[in-house]
Amino acid sequence: MAGRRKTGRFAIIGEYSAGKTALMTAIAYRDFLQGIPIYSNYHLKFPHTRIHSVEDMDNMQQGTFVMDEAWYTFDSRAFSSKTNMLGSYILSKLAKRNMNAYLNMQSMDLLDSRFRDRMQAILIPQVHKQNHFGKPLILEVQAITKDKWGFYNFLPKSYFFDVSQVLDLYDTSEELDSLT
């Protein structure tokens, strides 16, 4: 199929202030610079489509979706909710829609199991270098991939992301609500 790119569904997990949103924003900005449409549930200071509801997610086509604090919407304690079921259905269709999805949270167990099961990899950022204000400049990212049997394996090397250029492209103090 012409124009189709390899797609994936990625969880980004880590402690508070570990650089999860910075990593996600850096990935989204890189894709934006390559002409890929961006969808986000948080405000970005570059062109993107803001997602306010799970129904908005169903309209996403060909692009990159970044979702900050995904567990606010797809909470593991609300496993039978309409929101979780619809979101899971949409997430399963993203590859057919030529979409990448990056969902961040502090821990995988916060996210509904249907979402956890559909993640192809887990990215775990840690601040490698920070400025004198404590803002991350370079993140070291460990990746865990899932094999065809559903087992996760650590990749043998870390990846380094310079996030210094994206720190002003989002608001670290933005308070998010769950998607409706």
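Visitor: By class, how many nonpolar, polar and charged residues are in the lining of the largest pocket?
Guide: This is a predicted model. The largest pocket has a volume of about 540 Å³, and 23 residues line it. By class, that lining has 9 nonpolar, 7 polar and 7 charged residues.

Visitor: Which residues lie nearest the centre of the largest pocket?
Guide: The lining takes in 23 residues. Of these, the ones nearest the centre are Ser-17, Thr-21, Asp-68, Glu-69 and Thr-172.

Visitor: Where does the largest share of the lining of the largest pocket come from?
Guide: That share is 3 residues. Thr-21, one of the residues nearest the pocket centre, is also one of the buried residues of helix 1. The largest share of the lining comes from helix 1.

Visitor: Is helix 1 largely enclosed, or largely open?
Guide: A residue counts as buried under 20% relative accessible area. Among the buried residues of helix 1 are Lys-20, Leu-23, Met-24 and Asp-31. In total, 10 of its 14 residues are buried, so the rest of the structure leaves helix 1 largely enclosed.

Visitor: How far does helix 1 reach from its first C-alpha to its last?
Guide: Helix 1 has 14 residues. At 1.5 Å a residue, 20 Å is expected. The reach is close to that, at 20 Å.

Visitor: Which residue with positive phi follows helix 1?
Guide: Its phi is near 85 degrees. The residue is Gly-35.

Visitor: Is the aromatic pair of Tyr-29 and Phe-32 stacked or edge-to-face?
Guide: The structure holds 4 aromatic pairs. In this one, the ring centres are 6.0 Å apart, with 25 degrees between the planes. Tyr-29 and Phe-32 sit 3 residues apart in helix 1, about one helical turn. Planes under 30 degrees apart count as stacked, so the pair of Tyr-29 and Phe-32 is stacked.

Visitor: Why is the pair of Phe-32 and Phe-46 tilted?
Guide: The ring centres of Phe-32 and Phe-46 are 5.2 Å apart. This pair links distant parts of the chain, 14 residues apart: Phe-32 is in helix 1, and Phe-46 is in the loop between strand 2 and strand 3. The pair is tilted because its planes stand at 40 degrees.

Visitor: Which residue of the aromatic cluster counts as buried, at 6% relative accessibility?
Guide: Tyr-29, Phe-32 and Phe-46 form one aromatic cluster. Tyr-29 is partly exposed at 25%. Phe-32 is partly exposed too, at 26%. The buried one, at 6%, is Phe-46.

How values were computed
Residues are numbered from 1 along each chain as its sequence is written. This is a predicted model: local features need pLDDT of at least 70, side-chain atom pairs count only at pLDDT 80 or more; totals for chains, interfaces and linings use all residues. Side-chain values use heavy atoms; hydrogens and water are left out. Rings of Phe, Tyr and Trp (its six-membered ring) pair if their centres lie within 6.5 Å; planes under 30 degrees apart count as stacked, over 60 as edge-to-face and the rest as tilted. Helices (H or I, at least four residues) and strands (E, at least two) are DSSP runs, numbered from the N terminus. Buried means under 20% relative accessible area, exposed over 50%, partly exposed in between (1.4 Å probe, protein chains only). On a 1 Å grid over the protein atoms alone, a cavity is a set of points where a 1.4 Å probe fits but cannot get out, and a pocket is an open set with protein on both sides within 12 Å along at least five of seven lines; lining residues have an atom within 4 Å of a point. Grid points are joined across faces, edges and corners, and a volume is the space filled by probe spheres set on the points. Ala, Val, Leu, Ile, Met, Phe, Trp, Tyr, Cys and Pro count as nonpolar, Asp, Glu, Lys and Arg as charged, and the others, Gly among them, as polar. The expected span of a helix is 1.5 Å times one less than its number of residues.
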